[in-house]
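Could you walk me through this structure in the viewer, one selection at a time? I would like to know what to pick next and what I will find there.

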Amino acid sequence: MSNEKLEMEMRNDEMKLSQHLTTSSVAALGNSSKLDCTRLTPHFTLGELCKTKTGIENVPNEEQVNNLKRLCRWLEELRRRWNDLYGDGDDPIIINSGFRCPEVNKAVGGWAQSNHLTGCAVDIRCVGIEQAIRYATLLLDISDLNHEDFDELIIERKGYTYWIHFAVRPFGNRRRTNYKR
């Protein structure tokens, strides 16, 4: 698909999204399929960045969608670099959690000031510690090469499950790194 055609489709999706976000009755009626069809970038949809197993409606506003788009640009670069170096050419980046409305954040035990609330954070699924370290290294490289800071880059672990918590704010990024068990 040409870049021009892709950009046109993304603009059409954005128009559908803004109509969707301003019509609360539409948002209440099966928003997940509409969110799944809305592309934030070529490989990431609004639906996958808003998915939740809580059963609570989880629809971001326009500012939160813009934050998710900024975050997805980093994820696109991570996906490209991963596939160039380690992947099978088309390995996806799997998102465990992205945007969380306050009710969803509370239901999952999220921090009250979480970057997830503003659409500035994602949790990226990792297959073991090695992939988590490689993802973290690639994200640090992206930051250095593009001269852009991120807010948080945290390798997290619960039992044998690993994920990367990654956050990028519109401004005031702290370049905070950590490992949590």
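Start by selecting helix α5 (residues 62–85) together with helix α7 (residues 128–146): their axes come within 10 Å and cross at roughly 120°. Keep in mind as you look around that this is a predicted model. Angles from 65 to 115 degrees count as roughly perpendicular and those over 145 as roughly antiparallel, so α5 and α7 are oblique to each other. Turn the view to follow the crossing, and you will find that α5 passes α7 in a right-handed manner.

Next, show the side chains where the two helices touch. On α5, pick Trp 74, Glu 77, Leu 78, Arg 81, Trp 82 and Leu 85. On α7, the partners are Gln 131, Arg 134, Tyr 135, Leu 138, Leu 139, Ile 142, Ser 143 and Leu 145.

His 147 is not a glycine, yet it has a positive phi of about 55°. Is His 147 buried or exposed? With a relative accessible area of 75%, His 147 is exposed.

For the last stop, go to the loop between β6 (161–167) and β7 (176–180), where Arg 175 sits. Arg 175 also has a positive phi, about 50°, although it is not a glycine. The relative accessible area of Arg 175 is 30%, so this residue is partly exposed.

Note on methods
Residues are numbered from 1 along each chain as its sequence is written. This is a predicted model: local features need pLDDT of at least 70, side-chain atom pairs count only at pLDDT 80 or more; totals for chains, interfaces and linings use all residues. Side-chain values use heavy atoms; hydrogens and water are left out. Axes are lines fitted to C-alpha atoms, for helices over the stretch in contact, and angles run from 0 to 180 degrees between N-to-C directions. Helices (H or I, at least four residues) and strands (E, at least two) are DSSP runs, numbered from the N terminus. Angles under 35 degrees count as roughly parallel, over 145 as roughly antiparallel, 65 to 115 as roughly perpendicular and the rest as oblique. A crossing is left-handed if the near helix is turned anticlockwise from the far one by less than a right angle, and right-handed if clockwise. Contact means heavy atoms within 4.5 Å. Buried means under 20% relative accessible area, exposed over 50%, partly exposed in between (1.4 Å probe, protein chains only).
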